Amino acid sequence: MRLPCPHCGERDLREFTYKGADLPLPEGPDWGPDWEAYLHLRRNPAGETRDLWYHGPCGSWLSVTRNTATHAVAESRPAREPGS
Ligand SMILES: [Zn+2]
């Protein structure tokens, strides 16, 4: 499998590290069901997902939208800054 890096172009998967689902942070700093779900509950769809990947050679965090059934990548962009 190959992934596109917005800075380096299409590269081999071995250059990337999977860092988990790219989900919006829950509102508020207090612990509650929303934070528990954010940290511990994950869907595992056979279809489109958006995940965080780290590209080691350029040191970039990426948000990649891909289809887990076909491995087709719909989008690869720099990950958002925390809090944005
Ligand atoms: Zn890169």
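View 1. Cys58 comes out as partly exposed, with a relative accessible area of 30% (partly exposed sits between buried, under 20%, and exposed, over 50%, using a 1.4 Å probe and protein chains only). Cys8 is partly exposed too, at 29%. Keep in mind that this is a predicted model, where local features need pLDDT of at least 70 and side-chain atom pairs count only at pLDDT 80 or more, while totals for chains, interfaces and linings use all residues. Residues are numbered from 1 along each chain as its sequence is written, and side-chain values use heavy atoms, with hydrogens and water left out.

**View 2. The zinc ion and its donors.** Cys5 (SG), Cys8 (SG), His55 (ND1) and Cys58 (SG) coordinate the zinc ion at 2.0 to 2.4 Å (donors are N, O and S atoms within 2.8 Å of the metal, or 3.2 Å for Na, K and Ca; water is not among the atoms, so sites may look incomplete). Along the sequence, the donor residues follow C-x2-C-x46-H-x2-C. Cys8 lies in the loop between β1 (2-5) and β2 (9-12), and Cys58 in the loop between β4 (48-55) and β5 (60-67), so this pair ties together parts 50 residues apart in sequence (strands are DSSP E runs of at least two residues, numbered from the N terminus).

**View 3. Asp51 in strand β4.** Asp51 belongs to strand β4 and is buried, at 4% relative accessibility. Setting aside neighbours within four places in sequence, Asp51 has contacts that include Tyr18, Asp22, Leu62 and Arg66 (contact means heavy atoms within 4.5 Å).

Conventions:
Helices (H or I, at least four residues) and strands (E, at least two) are DSSP runs, numbered from the N terminus.
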